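Thanks, everyone; I would like to take a few minutes to walk through one model, moving from the overall shape to a few individual residues. Please have the sequence and the structure open while I talk.

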Amino acid sequence: YCQGQGKTVKKKCSHCGGTGFERKHKSVNVTIPVGVQNGQQVRYAGSGYESQDPHGQNGDLIINFIYNYDTNKYAIKGNTVYELVDIPYYECILGADKKVTLPSGETVSYKVPEYTQDGSQIVLKGKGLHGSNYILIVKVKMPTYVKEQDKEFLKKIKDNH
């Protein structure tokens, strides 16, 4: 009945129900460490729940850092960021000067070399997390429709090979 405390509360208040503890939400300022990795945990000692023992220490607050990004377009391994980029087949054949906007908002120019293959990687040095690399993975974009005039050009190319 006394739950091992050796005493009971005769008049229980409506706030704590006789436990001596009241659950409250509390804001805590935390500093996000530089270079925090996806899935990393940071412990803030004594910032968790209040101890049930009047002489005990409060619990720890554990924060799990989870990156929020489109996993169909991006991958992150360590500090290296990978992004799938659709590039039209004709730019993969002829080469092209392109621009990409990084998640940070920065726009970066890059070159697609002639005869770039599907799955090729274009490295943007120092543009990943904390000065690491940002790697573009080429996905050759094939058309769903080609005009008759363009088909004739493609047939000429095919005949030459």
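This is a predicted model: local features need pLDDT of at least 70, side-chain atom pairs count only at pLDDT 80 or more; totals for chains, interfaces and linings use all residues.

Let me begin with a term: a residue is called buried when its relative accessible area is under 20%, exposed when it is over 50%, and partly exposed in between, with a 1.4 Å probe and protein chains only. On that scale, 20% of the 161 residues of the protein count as buried.

Residues are numbered from 1 along each chain as its sequence is written, and side-chain values use heavy atoms, with hydrogens and water left out.

Turning to the fold, the protein has 2 helices and 8 strands, where helices are DSSP runs of H or I of at least four residues and strands are runs of E of at least two, numbered from the N terminus. Along the sequence these elements follow the pattern β-β-β-β-α-β-β-β-β-α.

As for overall dimensions, the C-alpha trace spans about 95 × 35 × 25 Å along its principal axes. The radius of gyration of the protein is 29 Å, whereas a compact globule of 161 residues would have one near 15 Å; the radius is taken over C-alpha atoms, and the globule rule is 2.2 Å times the number of residues to the power 0.38.

If we define a contact as heavy atoms within 4.5 Å, then among contacts with a separation of 6 or more, 38% are between residues 24 or more positions apart.

Now to the loop between β6 (107-112) and β7 (121-124), where we find Y115. Y115 has a phi near 60°, which is a positive value in a residue other than glycine. Is Y115 buried or exposed? Y115 counts as exposed, because its relative accessibility is 58%.

T116 also lies in the loop between β6 and β7, but T116 is buried, with a relative accessible area of 10%. Which residues does T116 touch, leaving aside those up to four places away in sequence? With that exclusion, T116 touches C92, V138 and V140.

Finally, H130 sits in the loop between β7 and β8 (134-141), and its phi is near 55°, a positive value in a residue other than glycine.
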